[in-house]
Amino acid sequence: MLASCALMFATGIGFATVTAFWPLFVIAVVGTLNPSAGDVSLFLPVEQASLAETVAAGDLTAIFSRYNVAGALTGAVGALASSLPSIIAAWLHSNPVTAERSGFIAYIVLALIAATIYWSLTPAIEAEPLVPDAKPLAQSRAIVIRLVALFSLDSFGGGLAIQSLLALWLFRRFHLSIRAAALFFFVTGLLGAFSQFASSWFVARIGRIRTMAYTHIPANLCLMIAGTMPNVGLALTFLLLRASMSSMDVPARQSYVMTVVPPEERAAAASVTNVPRSLASAMAPLPAGALLNYSLFGWPLIVGGACKLVYDALLLAQFRSVRPPDEQ
């Protein structure tokens, strides 16, 4: 965790000081920044495995809801604050690019704050292996690989409409202003955050897999419909509806992975399920950018929603009967 903070600190320095494209490209690939609104960095799998050591299996969905809501809320505040540099630059009649680059100074400060918090943690978050020198995923390799394949499909579909590409589409198709976009992503961040509190309620009644699929399907339909809308009002309306449902599956998915593998394999399972998701999401902007160059119609949103609907169907078909011990 401390090493991740050091990499985050170095990433902030790089983006705040470097102006040439290719050095920035290298920093982006190696560093902790990502083009989505969520965390897909080194922090995520380690934090998930650590949280799983602190509560009983039946409480995991609720604790992951709080974990994700905290991140989403601060992410929403960050989206709203992203318009401040341009506002200040206009007020002071200064260079807007230089002003926007100053936002990475805040990123550096946050790395130091995170390191201070991690430094205070105790060894209670560490899971001791039951078998000395055991190989990672020795017992759960088969189910983790199946989950990885499905999660990668879902992440690829989501990567076609990640926040940065969605903003680009709104700018180009509807000429949305930066201030309006900041407010929109702030609201969607709030909707996505608070919707996750409902995840544990659904899990207690219909189970994790059904929660993941049944809340995901209407969200993906809204994403596809938004891509076909002729005006900004309707497009934003369906995107807001999508945001109110699209994150309910996240705590259920995280707790499902942590409960279907042995405790000593949780860190490896979190890494193996998250890293391919990140890679799939990283590949998606290539075809999405090509589609946006071809047409301003919302093809990335439509294709992305379709991919995610296929994921929902396959998830139900393959894992509806694979229940964690606390659901049996």
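Student: Where does Ser199 sit, and what makes that stretch a helix?

Tutor: Ser199 is in helix α11, which covers residues 199-206. Helices here are DSSP runs of H or I with at least four residues, numbered from the N terminus. Keep in mind that this is a predicted model, where local features need pLDDT of at least 70, side-chain atom pairs count only at pLDDT 80 or more, and totals for chains, interfaces and linings use all residues. Residues are numbered from 1 along each chain as its sequence is written, and side-chain values use heavy atoms, with hydrogens and water left out.

Student: Why is Ser199 called buried?

Tutor: Its relative accessible area is 0%. Buried means under 20%, exposed means over 50%, and partly exposed is in between, using a 1.4 Å probe and protein chains only. So Ser199, at 0%, counts as buried.

Student: What does the side chain of Ser199 reach, and how do you know that it's a polar contact?

Tutor: It reaches the backbone oxygen of Met248 at 2.9 Å. A polar contact is a pair of N or O atoms within 3.5 Å; within protein, one must be able to donate a hydrogen and the other to accept it, and residues adjacent in sequence count only if both atoms are side-chain atoms. Ser199 also has contacts (heavy atoms within 4.5 Å). Leaving aside neighbours within four places in sequence, these include Thr61, Ser65 and Pro251.

Student: Is Val29 buried or exposed, and why?

Tutor: Val29 has 58% relative accessibility, so it counts as exposed. Val29 lies in helix α2, residues 21-30.

Student: What makes Glu53 and Arg266 a salt bridge?

Tutor: Their closest N and O atoms are 3.3 Å apart. A salt bridge is a side-chain nitrogen of Lys or Arg within 4 Å of a carboxyl oxygen of Asp or Glu, so that definition is the test to apply. This pair links distant parts of the chain: Glu53 is in the loop between α3 and α4, while Arg266 is in helix α15, 213 residues apart.

Student: What makes a nonpolar core, and which residues touch the most other members of the largest one?

Tutor: A nonpolar core is a set of buried Ala, Val, Leu, Ile, Met, Phe, Trp, Tyr and Cys residues joined through side-chain atoms within 4.5 Å. The largest has 29 residues, and Val144, Leu147, Ile209, Met212, Met258, Leu315 and Phe319 touch the most other members. The largest share of this core, six residues, comes from α8.

Terms used. Helices (H or I, at least four residues) and strands (E, at least two) are DSSP runs, numbered from the N terminus.
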